[in-house]
Amino acid sequence: MFSLKGVRHRYGAREVLSLERFEAAQGDKWLVLGPSGSGKSTLLHILAGLLHPTSGTVEVARPIGIVPQKLHLIASLSVEQNLLLAQYLAGAKQEPARAAQVLAGVGMADRAGDRPHQLSHGQAQRVAVARAVMNRPKLLIADEPTSNLDDAHCAAALDLLEAQAAECGATLIVATHDARAKPRFAHRLELGA
Amino acid sequence: MNLPGISLAYLRAKPLATALNLLLLALGIATITVLMLATQQIEERMGRDARGIDMVAGAKGSPMQLVLSAVFHLDAPAGNIPLADATELARHRLVKRAIPLALGDSYRGFRIVGTNHDYPAHYGARIAAGSLWTTPMQAVLGAEAARATGLRVGAKFAGAHGLGDGGEEHEEEPYQVVGILAPTGTVIDRVVLTSVESVWEVHEHGKPPGGPREVTALLVQYASPLAAATLPRAVNAGPTLQAASPAYESARLFRMLGVGVEVLRAFGFVLVLAAGLSVFIALTNALQERRYDLAVMRMLGATRAKLMGLLLVEALALSAAGALLGLALGHVLMEVLGAALRAVQQVPVTGWTWAPGELWLLVLALGVGALAALLPAWRASRAEVAPVLAEG
């Protein structure tokens, strides 16, 4: 579902990412591991089309769903509106029924009218995942989804991502420096500092 | 979800800032609206009141006072003129028509005007009830005077000395109402008409008969355009009369009032510009506050144009709401002012009318809003996404 060839990215003179080849098929689950500053976020942004690499070719199946590290739900909109916003901004038809279905899938069916500030971090993360899968992505990207979570919540967050990716038949890429995620992923890309 | 929906959600999320911006814009628009409505109505009203009157002849003094007192019934007359001089002027070959006015008394603030039947005819007044006067001490009420005093045909009343409230009443010489005029939208609605002889009778009560007769003013219509060049000069050259042009004096009055009006209008525009600046500051601050939101929107697929549209729609929604609120406020203020002026029998103005320029006020407000949003909107559309998301 994506293919990166000879991708390099520099910030000024500093090269932050260098990948000769990185490819994934539909339904693959990839873990991108590496410490802070290793280029994980740069890789995710290149995959998401938010950043153009300095060199190399990028082919990614769309649409893409992204769960950013800080979640970044829009505070002035309700949970349901945050989901519908994803469809509106992507130019897709807005489907309240789909929003209800996705929210039910992440266990947040009864919080559709709440504002983000009324949610716990775990609930907000579920909503962020729901927003990412609203457009039935072919590639689901999560940036540091387990940071600052205890073991139980870490497992729950990864379960949720895997379940939702499977539901959409999407390729899943999780970028983290958290080694607890390692055993769950058959495909791993380790980036150096 | 759509751009207006998202913009309104952001506006609702900051109720105080939104309300203050709305208020600032509304106050500016309301100020300009009140001035627009007031000047339009006063100009129209004075134009109607003075139409067909080329010259006013009266006692020597201030020509503006003469016009204000004799045409618009707003000021006190400077004095009276001998009937003989007025009659001589009325018979002048350059005078087509001359309507005598004898002032001096009032009833509950409404002036009693001694005149002849040419006066109501000049304003196209029709009788709504009763008939015009035929003998002295019969009175015909203008529509507004009848409504405010509650007098009906057959009622009797005593005029009070002077043109304001509180004058000594001429109880021994009561008037009888014989007619009520239909509304004309002119000054005649606010006066009580009677014959010139009635006014003489009231003021000669208890005095020896045979004294010199006087009137207050003569409303003159020229027989030919030539009269405008020669007649006022001839009148002013005489020892007793003064000529004044209603058109010239009205224009002079508006020029004098115009300075104040322009200052207030400028104040209104300053408020509108201040509101624009406030919107600009609010949106510029919002760029910083919403940098994550904007980045997330780009991440979710928003085009640069959509982000630009988001801020533009927000500013336009604020401007349109402020302008509509200001227009409504302006009309309400105008109506309150009109009610106060009607209560003291001054120039009637109302808030229930529309000035064509108000549409331009709406355009102005939207223009200021769009201008204020342009730079923040452009910056929002150019913002880099990845660095913002990366800094998390």
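Is A:Arg184 buried, partly exposed or exposed? In this predicted model, A:Arg184 is partly exposed, with a relative accessible area of 28%, where buried means under 20% relative accessible area, exposed over 50% and partly exposed in between, with a 1.4 Å probe and protein chains only.

Before moving on, note that residues are numbered from 1 along each chain as its sequence is written, and that chains are lettered from A and ligands numbered from 1 in the order in which they are written. Because the model is predicted, local features need pLDDT of at least 70 and side-chain atom pairs count only at pLDDT 80 or more, while totals for chains, interfaces and linings use all residues; side-chain values use heavy atoms, with hydrogens and water left out.

Helices (H or I, at least four residues) and strands (E, at least two) are DSSP runs, numbered from the N terminus. A:Glu162 counts as buried, at 17% relative accessibility.

Next select A:Glu144 and A:Lys40, which form a salt bridge with the closest N and O atoms 3.6 Å apart. A:Glu144 lies in the loop between β6 and α5 of chain A and A:Lys40 in helix α1 (residues 40–48) of chain A, so the pair ties together parts that are 104 residues apart in sequence. A:Glu144 is buried at a relative accessible area of 7%, and A:Lys40 is buried at 6%.

Stay in that loop and select A:Ser147, which lies between β6 (139–143) and α5 (151–168) of chain A. The side chain of A:Ser147 reaches the backbone oxygen of A:Glu144 at 3.4 Å, and A:Ser147 counts as buried at 18% relative accessibility.

**Stop two: helix α3 of chain B**

Now select residues 63–70 of chain B, helix α3, which is mostly covered, with six of its eight residues buried. Among the buried residues are B:Met64, B:Leu66 and B:Val67. The buried residues of this helix pack against several elements of chain B, including β1 (55–59), β3 (95–107) and α9 (246–289), contact meaning heavy atoms within 4.5 Å.

**Stop three: within helix α9**

Select B:Arg265 and B:Glu262, which form a salt bridge with the closest N and O atoms 3.4 Å apart. Both lie in helix α9 of chain B, three residues apart, about one turn of the helix. B:Glu262 counts as partly exposed, at 45% relative accessibility.

**Stop four: a nonpolar patch**

Finally, select B:Leu16, B:Leu20, B:Leu23, B:Leu27, B:Leu329 and B:Leu333, which form a nonpolar patch on the surface with about 550 Å² of accessible area together. Such patches are made of residues with over 30% relative accessible area and no salt bridge, like charges being joined within 9 Å and nonpolar side chains (Val, Leu, Ile, Met, Phe, Trp, Tyr) within 5 Å; accessible areas come from the Shrake-Rupley method with a 1.4 Å probe, and for residues only the protein chains shown count as cover. Helix α2 of chain B gives the most to the patch, with four residues. B:Leu16 lies in that helix and is exposed, with a relative accessible area of 62%.

Definitions and conventions: Salt bridge = Lys/Arg side-chain N within 4 Å of Asp/Glu carboxyl O. Polar contact = N/O pair within 3.5 Å; in protein donor to acceptor, adjacent residues only side chain to side chain.
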